[in-house]
Amino acid sequence: MGVNATERLLAVGWDAADGYLIRRMLTERRLPVLAGILGAGTWTPLDGYGGLGDDAHWTSFSTGTPPGVHGRFHFEQAPVGGYQQTMLRRDEPGPARPWWVDLAERGITASVLDVPKSPYVPHPGVAEIVDWMCHGADSDDPSASSAELHRLCLEHRPHGAFRECYRAQHGDEAIDRHVAAVGERRAAFSEAATTWVRSHDHDLNLAVFSSTHCLGHRYPSGEAGPDPVADELKALDTHLGELIEAWGGDPGRVVVFSLLGMHVAPDAGPATEATVRALNRHWLQRHPTIGWRSAAKILRARARGTRGPVPTADVFTPVKLIAPATAIRLNLEGRERRGILPASQREEVLAWLVDHLHELRDDEGEPVLAEVLCTEDAFPGPHHDALADVVAVWRLRCPGRVHTSITDVEPDSPRPSTAADHRRGGWMVTGAGLVPKAGSMAIDSLGDQFGSWLGVGQASAAASTVDTADTE
Ligand SMILES: [Zn+2]
Ligand SMILES: [Zn+2]
C-alpha cells in the first residue's frame with residue numbers, strides 16, 4: 001500500500017554526535033541545515049542506558065526492546081554459564097527483528113542504510129545494507145538486500161574494512177591521516193546515500209552516518225586546538241542538505257537523531273579488575289566455606305584433567321567493558337559453569353556487593369561511582385543477566401586512585417578519552433510536521449514513534465499487543 005507521497009519520512013542518524021556539542025554549534029550558527037529543521041520543529045532528548053554502550057543502544061533502537069529483552073549489552077559478552085568474552089554478532093543472542101520489517105509487513109516500504117548493531121532480517125519491502133561503514137561493524141563484508149545496493153556500497157567504500165577507529169593515533173601526522181580517512185569515508189557514504197535516495201522511492205528512508213562516532217572516541221570535542229568532531233559535524237550538516245534535496249520530500253518530515261552522547265570518561269577496565277580482586281579477597285575471608293567448596297571443585301576438575309577459564313575461588317567475576325562502567329557477575333551455582341555461590345545466597349551477596357561498591361571513594365573522599373545498577377531492576381527482561389548482575393557506572397573524570405573500606409585499591413590511572421559515557425547526550429530533532437509523543441523519549445520507543453509518523457499506530461508486533469489506552 002505505501003503511504004501517501006507527502007507523508008514519507010527521512011530519518012538521518014549521526015552516530016554518537018553528542019547533544020551538548022550540537023546545541024553549542026546550533027547557538028554558534030554552525031549547523032544551518034539542522035537549525036532550519038529545528039526552527040519550526042522540536043528538540044527531544046533521548047534517554048540512554050547507564051553504563052552501556054553502542055550495542056545496547058542500537059539494538060534497542062532497532063528492535064524496539066530494552067537490553068534485558070534483546071540481551072545485547074556490549075560488543076563482547078560472555079554467554080551465561082561461560083566466562084570467556086567473545087564478540088557478539090548481530091543475530092545473537094536471541095531472535096529479534098527490527099521494526100522496519102514489521103512496518104514492511106504492513107506495506108510500508110523502507111530503505112535502511114548502515115544501521116549499526118541491528119539484527120539483519122531480509123524482507124522484500126526493505127532495501128537494506130549492513131556493515132558498510134558503520135562504527136563497530138559486525139563483519140568486514142557488508143550484507144545487502146540487493147545486488148544493486150551491494151554494488152553501490154562497494155563502489156563507495158574507501159579504505160575498505162576500517163580498523164583504524166579502534167587504534168589510538170599518536171602524533172599530528174597520524175591524526176591528520178586518520179581524520180582525513182574518516183572524512184573520505186563519510187563523503188563517499190553521503191554520495192552513495194544521496195544517489196540511492198534520489199533514484200529510489202521508499203516510504204521510510206533511514207541512513208546512519210558514523211564518522212562522528214569514529215572520531216568522537218579519539219578526539220574529545222570542546223578542548224583547545226583542532227576539533228575534528230566539530231569539523232565533521234559541519235560536513236554532515238552540509239550533506240544533510242544534499243540528502244533532503246535528493247529525497248525531495250517535505251522538509252517538515254525530516255528527523256535527525258543521535259542515540260548516543262560522547263562524554264569523555266575514564267576507561268574503568270584497570271580499576272575494575274583491582275576492585276573486584278579486593279572484593280573477592282574480602283568476601284572469601286569472611287566466608288571461607290565458599291573457598292573450600294571452590295578449591296574442592298577445582299581439584300576435582302584437575303583430577304579429571306579438565307581445564308577451563310576461571311579456575312579460581314572467585315565469587316565475583318569482572319566483565320571487561322570498554323565503557324565507563326564496571327560490570328560484575330556473581331559466580332552462581334546452577335547458572336555459571338564453575339559456579340560456587342549457592343543460588344539461595346544470591347540476594348544477600350548482591351546487597352553486600354552493592355553496599356561495598358557504594359563505599360568506593362577517591363583521594364578526596366568522594367564516591368567514585370555515579371550509580372550502581374542491579375541488572376534485574378535496571379534492565380528487566382529474560383536476558384537481564386546476560387552481561388552481569390551489577391553494572392557500576394563511574395563518575396565522569398574520576399581519578400586514578402580508588403579506596404574502599406576493605407583495603408586500598410590502587411589501579412592504574414584510568415585513561416580518559418578511551419571510553420565515553422554514551423548514556424547522556426542523545427537527542428532528536430524533528431521537522432514541523434513531526435510532533436513527538438513525549439518531551440523526552442526512550443531509545444526503544446523510537447520505532448513506535450517513527451511508525452506512527454508513517455501512519456501505523458504501533459510499529460512492532462510486540463508493542464501492538466499493548467493496550468494503547470494504558471500507554472498514553
Ligand atoms: Zn562508542
Ligand atoms: Zn569507527
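At what angle do helix 2 and helix 9 pack? The model in the viewer is predicted, so local features need pLDDT of at least 70 and side-chain atom pairs count only at pLDDT 80 or more, while totals for chains, interfaces and linings use all residues. Residues are numbered from 1 along each chain as its sequence is written, and chains are lettered from A and ligands numbered from 1 in the order in which they are written.

Select residues 32–39 and 228–247: helix 2 and helix 9 pack at about 60°, with axes 7 Å apart. Helices (H or I, at least four residues) and strands (E, at least two) are DSSP runs numbered from the N terminus; axes are lines fitted to C-alpha atoms, for helices over the stretch in contact, and angles run from 0 to 180 degrees between N-to-C directions. Pro32, Val33 and Leu34 of helix 2 meet Asp237, Leu240 and Gly241 of helix 9, contact requiring C-beta atoms, placed from the backbone, within 7 Å.

Next, select residues 446–453. Glycine 455, which follows helix 14, has a positive phi near 95°.

Finally, display the open antiparallel sheet of 4 strands, ordered 11-12-14-13. Strand 11 (316–319) and strand 13 (369–374) stand at its edges, each with a single partner strand; pairing requires at least two DSSP bridges. Strand 12 (325–330) and strand 14 (390–394) share 4 bridges, and alanine 325 has valine 393 as its bridge partner. Helix 12 (346–358) lies across these strands, at about 175° to strand 13.

Technical notes. Contact = placed C-beta atoms within 7 Å.
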